[in-house]
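Hi,

Here's the structure I said I'd pass on.

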Amino acid sequence: GDPLKVKVNKLTSIKTQLPYSYYSLPFCPPKKIVDSAENLGEVLRGDRIENSPYVFKMREPQMCSVLCRITLDAKAAKQFQEKIDDEYRVNMILDNLPLVVPIRRLDQGSPTVYQLGYHVGLKGQYTGSKEEKFFIHNHLAFTVKYHRDPQTDSARIVGFEVKPYSIKHEYEGKWSENTRLTTCDPHTKHTVVNSNTPQEVEANKEIIFTYDVEYQESDVKWASRWDAYLLMSDDQIHWFSIVNSLMIVLFLSGMVAMIMLRTLYRDISKYNELETQEEAQEETGWKLVHGDVFRPPSNSDLLCVYVGTGIQFLGMVLVTMIFAVFGFLSPSNRGGLMTAMLLLWVFMGIFAGYASSRLYKMFKGTEWKKISLKTACLFPGIVFAIFFVLNALIWGQKSSGAVPFGTMFALVVMWFGISVPLVFVGGYIGLKKPAIEDPVKTNKIPRQIPEQAWYMNPIFSILIGGILPFGAVFIELFFILTSIWLNQFYYIFGFLFLVFIILLITCAEITIVLCYFQLCSEDYLWWWRSYLTSGSSALYLFLYATFYFFTKLEITKLVSGMLYFGYMLIASYAFFVLTGTIGFYACFWFTRLIYSSVKID
């Protein structure tokens, strides 16, 4: 008999990607609409959780409870029709569980599929007429599943399902608070079981909203009540993709190891023998450029900034994933993932400052404050600018997905109040460390680079380098995109962690191999090229996102398309910084290793 509070969340649509708050449509409001407190992640996702007029009492079934009766004016009818046309779904929450619509598959053996939220309504024609009408789901048959504790006889909620119906309710006489409906009456055992006489959405029509609540005892324990929500996709695909990627990676690693060991071992031993045979003047390959390999590149400041940002990003992703693998960021903690990532990004600023100023000092730079400032502002600034434009677009659509001004201000405060100072702290620590020494001396005069073969052309080799890292992640990418854009839960963080490790290894290996070939053909400009080689996988990521947009999503609105590409641009940019940094550090370690192991006069 305890009261259960049903809350309403945003209206969502796969077609438009623009969430709206529940009461933006003229549904039955409670006496006073109270907004639940949302965390940062929820606000950024567009969750707007409010109270609702539904009154449930634990284990006391209700039939045909009338919620309210409204008469639509032209404007309200048009709003409903637009939302029905865009296939909007209503999301509700009971005891932190989202509302689902169970859909039984036709074949008996397969499990029930759950869809989050029920459709506001549907489109259809009457038999014999061509005209499309809009019908609203105005009768909801809720099922609350509970798990009973045999000792205390108290129960916990483990499921919240609904079957929506559209029915034109009828009643006799004038409408008052106690009017009994003839179409749905518990006294005559007349209940709603189908939508055969649906309720149209048109101006000046009255709609009566009703609901049933039934309670079912369930064997599902409270601790595992989320399992039904999460068992939506097939695990086999993931295992298949991981095994597939691992095969590629093992094959790559084997090849890399063989090339490296044989060539390097042979080269180094041969070079050291050459010294004794007085044939040093005939040497070829990577050893010739030893006097130029560690010459600082052009735009070295920018490289420092990007490497610092990449370290910040790498730290954030790693820690987030470790948290997620241990189950701290499960989907039941709405917005937890987003909040965690933002906070981690801010606190990882100290590593960004440290990495960029260490590299800057190695390049004999003196203005460490300038570098720290650039590191603190370049990447977040670009992302914030794109985000701001997208937010203005969403705001123009009056959607709840628009980040309110207060939250925007909080983000800026986090950026300038915590992140920027931390970058400077890191920069200062990096400055105080002794500079990294080069293993070989750099010549005063740069040597000329011989003409390169067509396949060693920088653009060609950079584009080739991005294919393998992208190939290692693209199946998992499909699931991530689906969970973001098709409103499903993403929870397979164990798989994601494996894929991420595979990505790191692939990026490092491909960059090392291409860097070695480059040095062998006496081209010593490896600094930027190592960053861009693995970073170019971001280009393939964006191309794949474009392909996904046209094949999987049914987005028709211009604003929604701009949103999609804006967010995918931010994601690709972040991916570029992350993979580029991995490639750069792999190459940095590799060149120092090979040049320090050779005797040089």
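Leu519 touches quite a list of residues, even with its neighbours within four places in sequence left aside: Gly285, Trp286, Val289, Val293, Tyr524, Trp526, Thr591, Ile594 and Tyr595. Contact here means heavy atoms within 4.5 Å.

Before I go on, a word on the source: this is a predicted model, where local features need pLDDT of at least 70 and side-chain atom pairs count only at pLDDT 80 or more, while totals for chains, interfaces and linings use all residues. Residues are numbered from 1 along each chain as its sequence is written, and side-chain values use heavy atoms, with hydrogens and water left out.

Back to Leu519: along with Trp286, Trp526, Trp527, Tyr564 and Tyr595, Leu519 has the most contacts inside the largest nonpolar core, which has 96 residues. A nonpolar core is a set of buried Ala, Val, Leu, Ile, Met, Phe, Trp, Tyr and Cys residues joined through side-chain atoms within 4.5 Å. Buried means under 20% relative accessible area, exposed over 50%, and partly exposed in between (1.4 Å probe, protein chains only). Helix 14 (residues 558-596) gives the most to this core, with 17 residues. There's also a second, separate core of 56 residues, with Leu11, Met58, Ala76 and Leu140 among them.

Now the cysteines. How many disulfides does the count come to? Two, taking a disulfide as a pair of cysteine sulfur atoms within 2.5 Å.

One joins Cys28 to Cys68, with 2.0 Å from S to S, and it is left-handed, at -75° about the S-S bond. Cys28 sits in the loop between strand 1 (3-12) and helix 1 (40-45) and Cys68 in strand 3 (residues 62-71), so this pair ties together parts that are 40 residues apart in sequence. (Helices, H or I of at least four residues, and strands, E of at least two, are DSSP runs numbered from the N terminus.) Cys28 is buried at 2% relative accessibility, and Cys68 counts as buried at 18%.

The other joins Cys64 to Cys184, at 1.9 Å from S to S, and this link is left-handed too, with -85° about the S-S bond. Cys64 is in strand 3 and Cys184 in the loop between strand 12 (155-165) and strand 13 (206-217), distant parts of the chain 120 residues apart. Counting bonded cysteines along the chain, the pattern is 1-3, 2-4.

Cys304, on the other hand, is in no disulfide: the nearest cysteine sulfur, that of Cys587, is 16 Å away. Cys304 is buried, at 0% relative accessibility.

Cheers
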